[in-house]
Amino acid sequence: MFMVIGNVLSDADLALVRGAVGKLDFVDGRSTAGRFAATVKANEQATATAARDSILELVRQRLLAHPVFASAARPLRFAPMLVSRYRHGMEYGLHVDDAIMGGTRTDLSFTLAISDPADYDGADLIVEDTFEPRAVRLNAGDLVLYPSTTLHRVAPVTRGERLAVVGWVTSQIRDCGQREMLFDLDRAVNEVFAREGKSALFDTLAKTRSNLIRMWAEV
Ligand code: NI
């Protein structure tokens with residue numbers, strides 16, 4: 001499942017994060033790329049400092065509190081997140097993310113936009129699909145969530161700079177298709193409850209959802 005989730009960071013969060021980003025030091029992003037991805041990676045990322053970690057902790061808290069993210073990703077753990085920066089001419093060529101990062105399996109990848117899209121050109125995230133490549137250009141504060149199994153790239157920046165937080169999730173539900181069914185069931189359960197309260201249909205749907213999670217979840 002491929003999804004854009006709006007307003008993960010509020011305007012107040014964004015102001016805080018942008019203020020903090022100004023104090024960070026950035027280094028060549030190849031330091032955290034796998035052997036093959038390093039040959040196509042040309043961006044920068046913030047060095048690990050208390051200021052960077054406070055940004056990443058804020059993002060983690062907002063993600064854990066976000067109902068759509070919770071339903072779509074069902075996070076068990078996060079791999080270490082990064083603050084990434086693409087300046088004029090930088091890009092990240094076609095690659096697949098490492099299967100294991102920071103000792104945890106990567107099921108889902110995400111990019112959370114810090115920059116306003118009016119401030120740069122290029123830098124679309126392009127995810128290859130079995131059908132056709134999809135290009136994503138996010139508003140500040142929005143997040144794109146996509147399977148880590150995909151080939152993807154970031155197009156070259158032709159003006160300005162693009163700041164984002166990138167990260168990876170180990171999901172309680174490893175299989176993408178099962179995760180999507182549970183996401184749909186969440187919506188069905190919520191809609192039935194809103195329409196008719198705790199009816200017999202609601203109880204049946206809620207029971208099925210719970211038992212599928214019991215069958216599939218790794219915790
Ligand atoms: Ni990637």
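Modeller: F110 is buried, with a relative accessible area of 1%, where buried means under 20% relative accessible area with a 1.4 Å probe and protein chains only. This is a predicted model, in which local features need pLDDT of at least 70 and side-chain atom pairs count only at pLDDT 80 or more, while totals for chains, interfaces and linings use all residues. Residues are numbered from 1 along each chain as its sequence is written, and side-chain values use heavy atoms, with hydrogens and water left out.

Colleague: Which faces of β10 are covered?

Modeller: In a regular strand the side chains alternate between the two faces of the sheet. In β10, L108, F110 and L112 are buried on one side, and S109, T111 and A113 are buried on the other; strands here are DSSP runs (E, at least two residues), numbered from the N terminus.

Colleague: Which strand pairs with β10 over five bridges?

Modeller: Two strands pair if DSSP finds at least two bridges between them. β10 pairs with β14 (residues 143-147) in the antiparallel sense, and S109 stands opposite Y146 there.

Colleague: How is a pair of aromatic rings described?

Modeller: The distance of the centres and the angle of the planes describe such a pair; rings of Phe, Tyr and Trp (its six-membered ring) pair if their centres lie within 6.5 Å, and planes under 30 degrees apart count as stacked, over 60 as edge-to-face and the rest as tilted. The structure holds four aromatic pairs. One of them joins F69 and F110 edge-to-face, at 6.1 Å centre to centre with 90° between the planes.

Notes. Buried means under 20% relative accessible area, exposed over 50%, partly exposed in between (1.4 Å probe, protein chains only). Helices (H or I, at least four residues) and strands (E, at least two) are DSSP runs, numbered from the N terminus.
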